[in-house]
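Morning, everyone. Please have a look at the structure on the screen, and then I'll walk you through it.

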Amino acid sequence: MQFFSQIKRRMFMLAGLSLVAAAVSATPTAPQAGVEYQVLKRPQPVEGGKKIEVIEFFGYFCPHCYALEPLLAEWVKKQGDNISFKRIHVNFHELVPQQKLYFSMEAMGKADEYHMKAFQAFHVNRNRLQTDADIMDFVSKSGLDKQKFTDVYNSFSINSKLSRATQLASAYQIDGVPSIAIDGRYVTSPVMAVATMSRVTEEVQNRAAIQVLDFMIAKIQKERNTLAPAPAAAAPAASVNAPAKKK
């Protein structure tokens, strides 16, 4: 009996490992509009230039945003000059202090340096960042210049960014985070990226989202190259043997 019990346990373990392996290998090889990404009915204006605008809608309160962030940051770095990347902290659950925290760090040029620290404060150190006092406690412990931060945090420009964030979230029809907008026309997310899959882990969701992003960037670049006007043909060079004009 003990022998057969050991066999059963091994069979269950192998079955579990097979499911994990299948989930890891499952990726959206050909993302479809309306499935792995959505097409906005009303495209939003984006910055001009060659770079493709990418906006991450997130919240420090969101564990899924926390899980995605390292992978997304790596992707942004790899894209380099192909994209113009922005973050918008959403106003879910009326957590305005969290919004002000991100936008203040961004205004100070410190967002990239302290962004993950803010996530860790919430999800690891249990600072819920719900009040101004919570925010200042994080600032003091993180090493940010508290006086400079306070001045920015209470400034009119930050309040303007709060209003703008609400407008953008509405325009892009953001009802959950993390969500990522591309080129003012498309929106995807880890949940959308695995819409056709089942029994997947959060890591698989996040890697699928990155694959959808790669697909979208390549798609937009191809469209732009197709629509770009062909270079004008060069005028034929004058022959060195052509007869000189009479004066």
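I'll start with one histidine and then turn to the aromatic rings.

This is a predicted model, where local features need pLDDT of at least 70, side-chain atom pairs count only at pLDDT 80 or more, and totals for chains, interfaces and linings use all residues. Residues are numbered from 1 along each chain as its sequence is written, and side-chain values use heavy atoms, with hydrogens and water left out.

First, His115. His115 lies in helix 4, residues 111–123. Helices are DSSP runs of H or I, at least four residues, numbered from the N terminus. Buried or exposed? His115 is buried, at 2% relative accessible area. Buried means under 20%, exposed over 50%, partly exposed in between, with a 1.4 Å probe and protein chains only.

Now the rings. The whole structure holds eleven aromatic pairs. Rings of Phe, Tyr and Trp (its six-membered ring) pair if their centres lie within 6.5 Å; planes under 30 degrees apart count as stacked, over 60 as edge-to-face, the rest as tilted.

Tyr37 and Phe215 make a tilted pair: 6.5 Å centre to centre, 40° between the planes. Tyr37 and Phe215 are 178 residues apart. Tyr37 is buried at 6%; Phe215 is partly exposed at 29%.

Tyr66 and Phe119 are stacked, 5.7 Å centre to centre and 25° between the planes. Tyr66 is in helix 2 and Phe119 in helix 4, so this pair ties together parts 53 residues apart in sequence.

Notes. Helices (H or I, at least four residues) and strands (E, at least two) are DSSP runs, numbered from the N terminus.
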